[in-house]
Every structure is written in structure tokens, then in C-alpha cells.
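Student: I would like to check some labels against their cut-offs. Please show the structure.

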Amino acid sequence: EVAIQRMIAAGVNMMTWVAVASEWQRDWARTEHIAELIEVMQQHGGGSGIAYMWEQQLLNTPVPDSAK
């Protein structure tokens, strides 16, 4: 906790791993690795993975078979 506070005081913008993964994806139109990202989010993203699945259902868009 102290180390995190020092980084914040030095101007570091703290991010979660979910934010980093989303930055790496850059653009949801880039689909070559999206199935893998979705799988990781579902398995390890907690509420973010659940939110993604909820949005897919809400928008009535199919989830790719490779991401199930």
C-alpha cells in the first residue's frame, strides 16, 4: 500500500489489469485476438466478465463459439 501511495504521489496513473488488457486490445473492431481476451475476462475478470456477457445478451448479439 505504501509503495502504491508513493507511485501515486509521483504522478503514476494507476490501472487495473482489465484496463491494461483493454488498452492492448486498442479497438474492438480488431477481432484476431478478441476471443482470447473475452475468455480471460470471463474467467478472471469478475464483474467485468459478467458485464460483457450481460451486454451481449442485452444487445442480442451472439457470443462467438470460441469465447463460450
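Student: Why is Gln25 called buried?

Tutor: Gln25 has a relative accessible area of 7%. Buried means under 20% relative accessible area, exposed over 50%, and partly exposed in between, with a 1.4 Å probe and protein chains only. Gln25 therefore counts as buried. The model is predicted: local features need pLDDT of at least 70, side-chain atom pairs count only at pLDDT 80 or more, and totals for chains, interfaces and linings use all residues. Residues are numbered from 1 along each chain as its sequence is written, and side-chain values use heavy atoms, without hydrogens and water.

Student: Where is Gln25, and what is it in contact with?

Tutor: Gln25 lies in helix α2; helices are DSSP runs of H or I, at least four residues, numbered from the N terminus. Apart from neighbours within four places in sequence, Gln25 is in contact (heavy atoms within 4.5 Å) with Arg30, His33, Ile34 and Leu37.

Student: What makes Arg26 exposed?

Tutor: The relative accessibility of Arg26 is 67%, so Arg26 counts as exposed. Arg26 sits in the loop between α2 (17–25) and α3 (34–44), and has a positive phi of about 65°.

Student: How do you know that the buried residues of α2 are on the same side?

Tutor: Those residues are Val18, Ala21 and Gln25. They cover an arc of only 60° around the axis, so they are on the same side of α2; the arc is that of the directions from the helix axis to the C-beta atoms. Glu23 and Trp24 are exposed on the other side of α2.

Conventions. Helix = DSSP H or I, 4+ residues; strand = E, 2+ residues; numbered from the N terminus.
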